[in-house]
Amino acid sequence: MNDAELSQGKPAGTQNWLLRLWPIVPIIAALLFTSGLLLLFNAGPLESYSAMWTGAFGDANKTFSVLAFWIPLLLASFGLLITFTAGLWNIGIEGQIILGAIFASWVALKVDGPAILLIPLELLAAMVGGALWAGIVAVLKTRGKVNEIFGGLALNNLAIILTNYLISGPWQPPEGGSFRGTTPFQEAALLPRYMDTRFSPLSLVLAVSAFVIVFFILRGTTWGLKLKALGKNPYSAFLLGVRSERETIMAMMFCGALGGLAGAVRVLSWFDSLRQSISGGIGFLALLIVILAAYRIFWVPLIALFFSAVLNGSITLQLRTQLHSSLGGILTGVMVLFVLLFGSAKQLGIGKTKQVVSEGAPEVTYSPADTIVPGKHGGD
Amino acid sequence: MRVELKDIRKYFGQVKANDGINLTLEPGKIYALVGENGAGKSTLMKILSGYQPPTSGEILLDGQTVQLHSPADALAHGVGMLYQDPLDMPPFRVIDNYLLGSNGGVRLDYKTARAELEGLAGRYGFDIDVNAMIDSLSMGERQQLELVRLLAGGAEVLILDEPTTGISAEQKEILFESIRKLAREEGKTVILVSHKLEEVQDLCLYAYVLRRGQLVGEQELPCLNEQLVEMMFGQVPQRTRRPAFDVGEPVLELRDVTIDTYQLTVPDINLSVRAGEIFGFAGLEGSGQRLVMQACAGLTQPNQGHIYLNGQDVSRWGYHRLQANGVGYVAAGRLEEGLVAGLTLTEHLVLARPEKQFFIDWKDNAQEMAGRIEKYQIIGRPETTADALSGGNQQRLLFALLNTPLKLLLLEHPTRGLDVRSIDYTWQLLYKRRDDGTAILFISADLDEIIEHSDRIAVFSGGKMSRILDAHETTADELGHLIGGQE
């Protein structure tokens with residue numbers, strides 16, 4: 001509250017400029033914090049970060065790896081923008097990615113045909129798989145009153161168990177189950193990759209399309225507005241005429257479909273078969289990315305790229321220094337903590353358009369007071 | 001405790017909610033703070049109770065300048081505010097709620113707390129069962145409990161914000177008696193914020209009148225109501241007389257409708273509301289009138305019986321289907337049940353319009369909203385968010401969002417918390433709706449309002465509906481008897 005009030009005194013331009021650069025603040029804070037941690041372990045921060053940089057962008061091959069890892073993160077994050085808008089915590093995105101990977105693998109293993117037929121079929125199957133898995137979570141929520149977080153977590157585990165069963169059972173390679181993965185897919189089933197890298201230009205086309213579609217849904221469609229209303233006040237939205245159950249299920253399935261697509265990109269270009277940890281936490285990373293981006297779509301690609309670079313770079317870090325590659329995980333984790341620490345973006349009036357921030361000052365000051373103080377009251 | 005407010009200013013952007021207010025409150029007196037909606041009463045009291053800081057200005061308690069950082073901090077300084085909606089926590093027992101509010105050690109001392117609570121309650125004539133669950137208490141009892149909590153916390157200055165909203169006449173008397181006692185015998189400073197001038201006259205010694213964020217008058221009480229109204233509005237508003245209207249065919253019919261919930265059974269409701277007719281439901285809150293209305297809106301389903309809309313059986317229809325077929329419903333809680341905080345007026349309009357486009361034509365909708373803003377005299381702009389509007393304007397927005405024409409309009413407390421002029425305007429809007437043949441069914445806690453505006457009235461008491469009364473031949477006394485369950 002005080003922040004918002006203090007900033008009223010400043011010229012509006014300064015305020016907007018600060019708000020726009022908001023995600024940078026926790027990133028810098030996290031870098032400083034991690035540097036402190038590195039010093040504690042007698043490692044030079046500069047040296048470590050430069051090792052990470054080389055690991056991420058040292059040569060073309062590495063750079064394309066970063067890009068290839070970036071794409072599924074983007075797809076999942078764009079899907080999550082939809083569910084977050086509707087006020088849903090789709091923790092089940094991880095399971096939806098896995099199901100997408102399983103469905104795509106199923107087509108890749110069982111259907112023979114030219115690439116032009118196989119690839120669309122795989123992508124479609126992956127979207128159906130992810131949407132189906134998300135749909136179960138949604139119906140559990142609307143009909144069974146199971147919170148989507150718990151339903152999602154349960155289905156995440158089920159998805160992992162299903163993968164393990166397929167790898168060690170029906171889909172195991174002829175030479176015997178190894179728990180590593182299935183037989184590599186036929187060449188026609190794989191996404192065309194750039195040179196010898198894991199990066200597929202086609203997957204970039206998918207991600208860009210997802211960006212455009214999600215952007216327009218949230219910006220200019222009645223459906224997007226319904227989701228926004230649902231996320232802010234489900235009962236009022238219902239009374240205004242929003243069919244809450246249907247929109248909840250649709251939002252989840254939309255996100256699930258994009259998650260499934262992310263899973264397909266994983267099996268069809270990053271790997272060449274269904275693997276045990278096919279997602280490897282991409283869904284959870286995407287949740288962090290969207291939170292860090294303060295639910296703003298334009299920040300998502302940048303932050304996702306940053307995450308991808310840090311995580312890929314930390315592998316080299318381990319080779320060059322004696323530090324464990326989990327440093328990348330620490331860095332990203334700390335960053336999210338700092339975002340939460342610096343207060344939710346909404347309280348700072350972020351997420352509103354520039355015009356409203358400068359003109360509609362009342363609600364910037366109102367909302368925090370209204371939400372924080374009554375809660376405190378009972379506890380005095 | 002002597003309270004001085006010096007040059008209090010509170011700005012929300014361009015809006016000057018409080019614009020340099022100076023006033024002094026002496027101990028042992030009961031003051032009234034009156035003014036129309038948006039005059040700045042609530043803002044000023046929220047500042048005094050530590051809920052929000054002023055933009056500038058000083059608060060002096062017994063001559064000492066203080067900074068109040070939170071309601072808890074204000075209470076520690078001796079200022080306690082009783083909110084319009086009690087802020088206790090429903091799923092608790094009374095005693096737990098009380099303990100939560102007192103700064104105790106690690107262990108909960110039930111015995112002392114119980115003695116304290118019962119002692120305080122006894123002193124002010126409150127009858128509180130310490131082991132009752134809070135959600136089983138009536139609004140009046142919850143207020144008593146909250147008042148006791150403030151007193152136990154050491155409140156010397158008590159701010160009461162519309163304390164009689166939703167409580168019975170009997171509880172009102174108890175409350176007023178205890179307030180008089182607090183002021184007279186214990187020297188507490190009491191400030192009553194209210195729209196109900198009768199109450200103000202009845203209880204208070206002195207009135208401060210606010211208009212547009214400024215103190216525009218002070219008045220010894222009692223005085224003529226017209227004097228206060230003139231200060232509040234600058235002129236005495238004319239109440240429009242009810243235009244005569246010929247009612248048409250039945251629009252809504254309930255036949256042997258029974259609604260059974262775990263709290264209350266509402267048996268055998270039979271009634272019909274005709275096109276152009278205004279039908280009022282009276283009764284204490286929670287007597288069943290809201291359940292019947294929600295059944296008509298499709299928000300709850302009757303256990304037995306049938307509901308007909310224009311002759312068609314709609315007993316099993318859901319809310320959205322009824323909405324699409326010309327039933328409008330406006331609930332009492334504006335920002336909780338009807339508007340979405342954070343969405344703009346235009347966005348509300350897009351959601352409420354029956355014809356759905358895939359892509360939103362923002363320009364067209366903003367124009368339409370601007371037109372409705374003018375028509376419904378909302379102080380706001382298409383791009384204003386709903387939560388930035390004042391209570392009266394939020395109510396107007398809800399009316400502006402209703403589709404036209406409607407067959408049936410269901411209203412819960414359509415004028416609750418509004419000032420005289422807004423109430424008058426609201427009813428003018430509702431009268432216009434009758435020209436389209438809309439049948440109107442409304443719930444109100446204000447008996448005068450029900451008698452003045454209804455054609456026919458039904459009274460609910462403990463789930464049972466009374467015989468249907470002709471509004472022109474009944475009196476507030478008769479309704480009062482029926483509300484109390486006497487035939």
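Visitor: How many contacts beyond four places in sequence does the model have for residues 345-380 of chain A?

Guide: This is a predicted model, where local features need pLDDT of at least 70, side-chain atom pairs count only at pLDDT 80 or more, and totals for chains, interfaces and linings use all residues. Residues are numbered from 1 along each chain as its sequence is written, while chains are lettered from A and ligands numbered from 1 in the order in which they are written. Over residues 345-380 of chain A, pLDDT stays under 50 (pLDDT is the predictor's confidence in each residue, from 0 to 100). Contacts (C-beta atoms, placed from the backbone, within 7 Å) beyond four places in sequence number 72.

Visitor: Which helix of chain A has the highest confidence?

Guide: Chain A has a mean pLDDT of 81, with 83% of its residues at 70 or more. Among its helices (DSSP runs of H or I, at least four residues, numbered from the N terminus), α17 (residues 361-377) has the lowest confidence in the chain, a mean of 29. The highest, at 96, belongs to residues 115-142, helix α7.

Visitor: How are α11(B) and α12(B) placed, parallel or perpendicular?

Guide: The axes (lines fitted to C-alpha atoms over the stretch in contact, with angles from 0 to 180 degrees between N-to-C directions) of α11 (residues 345-352) and α12 (residues 362-375) of chain B come within 9 Å and cross at roughly 100°. Angles of 65 to 115 degrees count as roughly perpendicular. The two helices are therefore roughly perpendicular.

Visitor: Which residues of α11(B) meet α12(B)?

Guide: On the α12(B) side are B:W362, B:N365, B:A366, B:E368 and B:M369. Facing them in α11(B) are B:L345, B:T346, B:L349 and B:V350.

How values were computed
Angles under 35 degrees count as roughly parallel, over 145 as roughly antiparallel, 65 to 115 as roughly perpendicular and the rest as oblique. Two residues are in contact if their C-beta atoms, placed from the backbone, lie within 7 Å.
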